[in-house]
Amino acid sequence: MKLGRHFTVFGSAIFCVVVFSLYLMLDHLQLDHINNPSNGERFENGQLGILQDKIDHLERLLAENNKIIANIRDSVINLRPSVKDGRGFLEAGNESQVLVVPSAPLIVPIDLEDCQFSSQTYSKAADTVQMLDVYDLLSFDNPDGGVWKQGFDISYEENEWDDEPLQVIVVPHSHNDPGWLKTFDDYYRDQTQHILNNMVVKLHEDKRRKMIWSEISYFSKWWDNIDHQKKDAVKKLIERGQLEIATGGWVMPDEANTHYFALIDQLLEGHQWLERNLGVKPRTGWAVDPFGHSPTQAYLLKQAGLSNMLIQRVHYSVKKHFASQKTLEFFWRQNWDQQSSTDILCHMMPFYSYDVPHTCGPDPKICCQFDFKRLPGGRISCPWRVPPQAITDDNVQQRALMLLDQYRKKSKLYRTKVVLVPLGDDFRYTEAQEWDQQFNNYQKLFDYMNSHPELHVQAQFGTISDYFEILRKNVGMDKVGMSVGLSPFPVLSGDFFTYADRDDHYWSGYFTSRPFYKQLDRTLESHLRAAEILYSLAFASVQKFGKPNNYPAAENYKLLTAARRNLGLFQHHDAITGTGKDWVVVDYGTRALVVYNPSEQTRTSVISIYVTTPHVHVLTAHGQLVNAQISAVWEDVSHASTELSFVASVPPLGLAVYQLCKGAEPQSELAHYMFLKPALGHVKTILMVTDGNNNILNASFSLEFLINFDLWMSEGRNVLLLQTLKLKEDGSKHSIKVEFLCYGTTSKKDKSGAYLFLPDGEAMPAVIRVTKGPVFSEVTTTFTHVTHTLRLYNIHGVNGQAVEISNSIDIRGEFNREIAMRITSDLNSKDRFFTDLNGFQVQPRRSMTKLPLQANFYPMTSMAYLEDSGRRLTLLTAQSLGATSLRSGQLEVIMDRRLNQDDNRGLGQGVLDNKITANSFRLLLELFNSRENTAPFSYPSLLSHISYMYLNHPFMPIVTSLDSTVLALAPYSPLSSPFPCDIHLVNLRTIQSQVEGGPSEQAALILHRKGFDCSISTKNTGLLCRTTGGKIHLEKLLTELKVISLIPVSLSLMHQSPRGPVEQEINLKPMEICTYRVHLA
């Protein structure tokens, strides 16, 4: 999908415009409440001027009496409950007036009950299918299966349906990509609007006709452009069951690269639109085109209240195996679920594609003859060169029996005598003629079949929910829930990656393709979430205090809605493909830097901004000096810009204010540099960066490097970088090496492209700069296509526990190259490694030699890790990429791809629009207290969870001038204490009003309780939180706002819980995502 550079500008604009206006409003309310807590009057212009003068005078007094004011404030803060156990932001009585960061407890307090979940014993039930076991079982060969090339011959007996007739449900559909070969708007103009307009007319012509639709992004655009008469006609079609909205998300999302925040957000946007405009509550998921399928999506659909789902793009060997076992229909259960609470009934399509030639039965040559859009004289034809025939009285018998033969053979792959036959393809039913061709000819075939009882078949048009309703009735299940008695369907756990559609054509390339846009997507998610939470808090404050009366609630809400929908479009399976980070430049004078903490944890992290002079220092809002570092941002060895870095402490979901002051004294400490360059005759250099003058270390560990210029120059290979990580806690040394490699593409006819990864074999294996400073130290190595930096933060918080890895990739001048980063350790991980699914759960993997190299790559949305009996090495990522472990102790990540040819998957071009892309990671080494795990599930540590959140939701700085006419800025802290360590605030999203379209008084509070591994040490992690058994008392967390109501609902707000309103305490199960309608005031 062609999404222009305006997304970068949009992401920055939506945050800066909305968030900063929210901050000013919150600050206004806070100050007003302190001065006049019960007064409901509005400020007038004259009063604002007087107030500003008083504030200016107060600022001068504060500057003159800085020490006294700071000490008094520190004493007061230390009396507050939020600073118990050393959690205060300032240390009272500090004569130097240098800010002291909060200290963490030695060991994180963890409730013993919280560890029972991750340590539960795994027992596989007899009827359970585990995808890891399926992969072990399959040989992944590809013998010719006859007419069903990837399958086998299917036969049946004529009398099999004598006692129970075959029920055939033909489901017309049109798959509309919101951008692929054309833009969203071009597709809508040229095709989609005509499909929907014709749908209204043609379905009304015959009540037996049915249709399903899934993409609400298109449907909402069309709805806004039709008249009331047509809208009423659509509502009648829905009421009569002729039109069904399947899934109902904003798009049909990708399931590999998407983060679960964005998956929820686009689903919620679609469902809220449906509820507001049509009163529709989708029952069934429909996913025919995502390139592989994730159990995360199954879980989210279940939590949203859906009962059924359909998937299509699954490895052809898996489909063949499931067809032979008649397990193409199953209950999809989450790996961690030992009961059945996450089960959702899933139908897997058995054949190659979702187009008509591959949906009526196993023989595409015959099925294509029943795609009546391909009748002679049309624009498309059957590639098997046998065209369809219009159905007449003369040929109806012969054609009906031919089609019925395919229906019967397809039904033999399933356990019931109900068969599903999709009828559609991409952008089908654009013209009225196609509607007539398909529906009229099929109705003649149905009429013939149904009027001949000796055929024992009942065929009809239906929706996807019609099919599942008939299926459930057929096996004695209720319409939406589980089976009554013994279920005829197996239970399956696991995922369906990596997808292959034929031969060795594995779709692992798109896990990395266009990484620039993948990072852009993650940045937009973070900015949108921040704006949503601040908007909801601000709007609730306006409702409570009744001011300011000019707060632009409706205008800001429109901006949020536009941002939600643009992010939703990004999640489409042809679109999500990341961003560069815009730096704020501070140019002159004294500025206020407002820092927002989008996480629910009290947080200490490093802020870095560009400045135009090294003569600058940082003060808190109360005048305390903050430790800071001035560093160079090098363009080359001799040219650099100036960067200011300092350690900021911000309360959960809060805002802190810092002053950036220009002047000679006091001056921030300058970083020190050392450069190393290769030279002729330079045999070998070993740089031990540990305890010497050029050390790079922090309170947790130190790093050792080997720089081998001789190997680099003589063999043209990559110089080895990081060699050893030494833990301070026990003095142990651990071998961890980093290198960069380059894959070419195969010399065969089929080559790598946007979707496929077809390498030519294993990968073929500068100037070095060492930086030391009080805030961070780092080593940077520059190669031809990669600038690689390893950084250690000299702080005791979470960020001080990991190595930060930053890579700037530029392969714009290359030809058919894919750049990879390889991390090699001494961990004995064997063939086992772990990658996450959508940032929600972790899936164990095995590297299999029976599979081609590209088949062993999997999507890495948030993390990948290796482990042995004593250690775990985790790589956290700020963008989705493809990852694998090809050897024991090794992690490999594809960083970027430049491919000069199409891979024959419909795009019609290679990947040549590369940009300079900055990729960010955290490398975390953790020790096990005890370990023995062979279960098909795994969990990150608490530290890993929080580190990932900090990486993907960094502090957000906003610069403003102190001499503006706005009210004086003050820190803002909406929570009295952090959330429990294992509970994540997914979103606090103001719900749209049902009447006016603006904001309502309610918000969607979405919480996720994360599963975590208790066997990993929690000593010296820097965490400032604890676990509470999944319990949160919401009102006790809020400093000023009150909870008026708290109602549990389904994930996307469609269904209310039968429990009704709950008390203030929320109780979450491990891994559970829950949504509440909350009214704050």
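Here are some notes on a sheet, a helix pair and one loop histidine in this predicted model.

1. Start with the sheet. It is open and has six strands, in the order β1-β11-β7-β8-β6-β5, with mixed pairing. The edges are β1 (128–130) and β5 (284–287), each of which pairs on one side only.

2. With β7 (residues 329–332), β8 pairs in the antiparallel sense over four bridges, and Phe330 has Cys346 as its bridge partner. With β6, β8 pairs in the parallel sense, again over four bridges; here Asn308 stands opposite Leu345. As background, strands in a sheet pair through backbone hydrogen bonds, in either a parallel or an antiparallel way.

3. How much of β8 is buried? Five of its five residues are, so the strand counts as mostly covered. In a regular strand, side chains alternate between the two faces of the sheet. For β8, Ile344, Cys346 and Met348 sit on one side, Leu345 and His347 on the other, and both faces are covered.

4. Now for a helix pair. The axes of α5 (residues 184–205) and α7 (residues 228–239) come within 10 Å and cross at roughly 55°, which makes α5 oblique to α7. The crossing is left-handed. On the α5 side, the contact is made by Asn197, Met199, Val200, Leu203 and His204, and on the α7 side by Lys230, Ala233, Val234, Lys236 and Leu237. Sorted by type, the residues of this contact are six nonpolar, two polar and two charged.

5. Last, have a look at His315, which is in the loop between β6 (308–311) and α10 (316–325). Is His315 buried or exposed? Its relative accessibility is 1%, so it counts as buried; the cut-off for that is under 20%. Leaving aside residues up to four places away in sequence, His315 touches Tyr135, Phe140, Thr498, Tyr499, Ala500 and Tyr506.

Key:
Residues numbered from 1 in each chain as written. Predicted model: local features only at pLDDT ≥ 70, side-chain atom pairs only at ≥ 80, totals over all residues. Heavy atoms only, no water. Axes fitted to C-alpha atoms, helices over the stretch in contact; angles between N-to-C directions. Helix = DSSP H or I, 4+ residues; strand = E, 2+ residues; numbered from the N terminus. Parallel < 35°, antiparallel > 145°, perpendicular 65-115°, else oblique. Left-handed = near helix turned anticlockwise from the far one by under 90°. Contact = heavy atoms within 4.5 Å. Nonpolar A, V, L, I, M, F, W, Y, C, P; charged D, E, K, R; others polar. Buried < 20%, exposed > 50% of the residue type's maximum accessible area, 1.4 Å probe, protein only. Pairing = 2+ DSSP bridges.
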